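Here is a short briefing to read alongside the model. Please have the viewer open as you go through the points.

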Amino acid sequence: MIWLLIVITLNLQTNPIQVQHGEVIDTFQSHQDCQKKHTEFFEAAKAEGQAIPPNFNLGCVVIKMQHVSYKND
């Protein structure tokens, strides 16, 4: 499995709310490593006095990968 640290910016002016922008920030081999980076981001923002806007979302998402082999005929 691979973990993606993803940031999503929402458009809060629409109904229903829509995704304005999404981006993979980093990839990790474990949920623990992804969660650590997630926590570090918010701790750094707090320490620097940066306000996090309400339309900002940051989270870890797992991608279950399966090895696929192709046979050459």
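Which residues make up the largest nonpolar core? This core has 6 residues: W3, L5, V7, F28, C34 and L58. Strand β1 (residues 2–11) gives the largest share of the core, 3 residues. The model is predicted, with local features needing pLDDT of at least 70 and side-chain atom pairs counting only at pLDDT 80 or more, while totals for chains, interfaces and linings use all residues. Residues are numbered from 1 along each chain as its sequence is written, and side-chain values use heavy atoms, with hydrogens and water left out.

**Core and its contacts**

- A nonpolar core here is a set of buried Ala, Val, Leu, Ile, Met, Phe, Trp, Tyr and Cys residues joined through side-chain atoms within 4.5 Å.
- Buried stands for under 20% relative accessible area, exposed for over 50%, and partly exposed for what is in between (1.4 Å probe, protein chains only).
- Helices (H or I, at least four residues) and strands (E, at least two) are DSSP runs, numbered from the N terminus.
- Core residue L58 is in contact (heavy atoms within 4.5 Å) with L5, I6, V7, H38, F41 and F42, leaving aside its neighbours within four places in sequence.

**Aromatic cluster**

- The whole structure holds 3 aromatic pairs; rings of Phe, Tyr and Trp (its six-membered ring) pair if their centres lie within 6.5 Å, and planes under 30 degrees apart count as stacked, over 60 as edge-to-face and the rest as tilted.
- One of these pairs, F41 with F42, is edge-to-face, at 5.2 Å centre to centre and 90° between the planes.
- F41 also pairs with F56, and these two rings are stacked, at 5.6 Å centre to centre and 15° between the planes.
- Because F41 lies in helix α1 and F56 in strand β3 (residues 56–63), their pair ties together parts that are 15 residues apart in sequence.

**Surface patch**

- F41, F42 and I52 make a nonpolar surface patch of about 220 Å².
- F42, one of the patch residues, lies in helix α1 (residues 31–47).

**Loop between β1 and β2**

- L12 is found in the loop between β1 and β2 (18–28), and L12 is partly exposed, with a relative accessible area of 38%.
- Not counting residues up to four places away in sequence, L12 touches I17, P54 and N55.
- The C-alpha atoms of L12 and N55 are separated by 6.6 Å, although these residues are 43 residues apart along the chain.
- P16 also has its place in the loop between β1 and β2, and the peptide bond from N15 to P16 is cis, with omega near 5°.

**Strand β3 and I63**

- I63 sits in strand β3 and counts as partly exposed at 35% relative accessibility.
- M1, I2 and L4 are touched by I63, not counting residues up to four places away in sequence.
- Between I63 and Q35, 28 residues apart along the chain, the C-alpha atoms are separated by 15 Å.

Notes
Patch = residues over 30% accessible without salt bridge, like charges linked within 9 Å, V, L, I, M, F, W, Y side chains within 5 Å. Areas by Shrake-Rupley, 256 points an atom, 1.4 Å probe, with all protein chains shown as cover. Salt bridge = Lys/Arg side-chain N within 4 Å of Asp/Glu carboxyl O.
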